[in-house]
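Visitor: Please bring up the sequence and the structure, and then lead me through them slowly, one question at a time.

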Amino acid sequence: MFKDLKESIYSGNVPRAQELIQEYALRRVPTKRIIEEAIIPSIEDVGKKFLTDDFFITDVLLSARAANAALRAIEKQDRLDGKVMIKGRTRVVIGTVHGDIHNIGKTMLSLLLEANNFDVIDLGVDVTGEKFVKSIIKYKPDFVMLSALLMTTMNEMRCVIDLIRKQNTKEFTKIKIMVGGGPVTSEFAKEIGADGYADDAYSALEWVKENIELKNS
Ligand code: B12
């Protein structure tokens, strides 16, 4: 049923992608289905087309822009419908680490957390360790989430975690840090001292919920 949306992502057609999200909202198509059955598979296909030389990097960029536009339109629509409660009790700071500009998976996770009443501060992409630390001081989050899609930027997660753990004040010691993104594994997460890891946004949400329950019990 999502043929049109997939086409709009492949061709990088931002207005069409946004229009389709509005149409789905009118038909009450669940957000989860749009993301899981259209947006993620389209971006995966784009990745395959890039590997087989059917897509150039500019095509990938245009598709990523349309996928992001669709995600933003979903966010806007959810807010209009009043589905998103802006201030949740649990606060999350999230960002893609320094050197990495991939944002689709991270944005999906942000939206999913927001849709589940978390208070999310999305720092964007190419976020330095210092910026994470400043944001922790400013927003006092319960969870910090780091995303990386490149083998080369995975190690930046280790640096960010070391920097956070080096701060000795109370707001830093109680924080739980979760990592994720394409090349990240649970072994790597343990090795760099992260508290949690998940390989998709829905498992990440489950992990956060479990860890809030543990904290409150
Ligand atoms: C789109 C894309 C781009 C776009 C990004 C646009 C954007 N706004 O995001 C552009 C064109 C800019 C790009 C650039 C590059 N890319 Co690129 N890109 C991709 C592509 C095709 C899709 C990534 C994506 O969005 N996937 C969909 C999302 C939904 O998946 P995801 O990010 O993995 O997120 C899910 C989970 O991982 C998890 N998750 C994500 N973050 C987090 C965080 C936490 C805390 C948790 C718990 C979970 C979690 O939840 C998400 C949802 O379930 C992949 C190939 C692929 N099939 O993955 C290559 C890929 C990631 N890119 C790659 C490369 C090499 C590059 C470049 C270096 C290319 C170049 N030579 O310039 C540059 C790097 C630029 C930079 N400095 O970051 C490689 C990485 C190889 C590696 N492992 O190191 C890949 C794998 C392609 C390949 N097979 O070679 N890329």
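Visitor: In which loop is Arg28 found?
Guide: What you see is a predicted model, where local features need pLDDT of at least 70, side-chain atom pairs count only at pLDDT 80 or more, and totals for chains, interfaces and linings use all residues. Residues are numbered from 1 along each chain as its sequence is written. With helices (H or I, at least four residues) and strands (E, at least two) taken as DSSP runs numbered from the N terminus, Arg28 belongs to the loop between helix H2 (14–26) and H3.

Visitor: Is Arg28 buried or exposed?
Guide: We count other C-beta atoms, placed from the backbone, within 10 Å of the residue's own: 20 or more make it buried, 12 or fewer exposed, and anything in between partly exposed. Arg28, whose phi is near 60° and therefore positive in a residue other than glycine, has 7 such atoms around it, so we call Arg28 exposed.

Visitor: What is the phi of Asp53?
Guide: Asp53 lies in the loop between H3 and H4, and with 7 other C-beta atoms within 10 Å it is exposed. Although Asp53 is not a glycine, its phi is positive, at about 65°.

Visitor: How does Glu36 count, with 16 C-beta neighbours inside 10 Å?
Guide: Glu36 is a residue of helix H3, and its C-alpha atom is separated by 12 Å from that of Leu112, a residue 76 positions away along the chain. Because Glu36 has 16 C-beta neighbours inside 10 Å, it counts as partly exposed.

Visitor: Within what arc do the buried residues of H7 fall, seen down its axis?
Guide: In helix H7 (residues 151–166), the buried residues are Thr153, Met154, Glu156, Met157, Val160 and Ile161. They line one face of the helix, whereas Met151, Thr152, Asp162 and Lys166, on the other side of H7, are exposed. Taking the arc from the directions that lead from the helix axis to the C-beta atoms, the buried residues of H7 fall within 150°.

Visitor: Which residues of H1 are buried?
Guide: Helix H1 covers residues 3–10, and just after it Gly12 takes a positive phi of about 70°. The buried residues of H1 are Leu5, Ser8 and Ile9.

Visitor: What is the order of the strands in the open sheet?
Guide: Two strands pair if DSSP finds at least two bridges between them. Strand E1 (residues 91–96) is joined to E2 by four bridges and to E3 by five, while E3 and E4 share five and E4 and E5 share two. The edge strands, E2 (119–122) and E5 (196–197), each pair on one side only. The pairing is parallel, and the order is E2-E1-E3-E4-E5.

Visitor: In E4, which residue is the bridge partner of Ser147?
Guide: Bridges can be followed strand by strand: Arg91 has Asp119 in E2 as its partner, Ile94 has Met145 in E3, and Val179 has Tyr197 in E5. E4 itself is mostly covered, with four of its five residues buried. The partner of Ser147 in E4 is Gly180.

Visitor: Which helix supplies the largest share of the shell around the ligand?
Guide: The shell holds 39 residues, each with its C-beta atom within 6 Å, and Gly47, Ile104, Gly105, Ser147 and Gly180 come nearest to the ligand. Elements that each supply at least two of the shell's residues include helix H4 (57–80), strand E3 (143–147) and strand E4 (176–180). Domain 1 (3–80) and domain 2 (91–216), with bounds from an automatic or database domain assignment, both give residues to the shell, so the ligand lies between them. The largest share, seven residues, comes from H3.

Visitor: How many residues does the largest nonpolar core have?
Guide: A nonpolar core is a set of buried Ala, Val, Leu, Ile, Met, Phe, Trp, Tyr and Cys residues joined through C-beta atoms within 7 Å. In the largest one, Ala70, Leu146, Met157 and Val179 have the most contacts, and H4 gives the largest share, seven residues. This core lies between domain 1 and domain 2, because both give residues to it.
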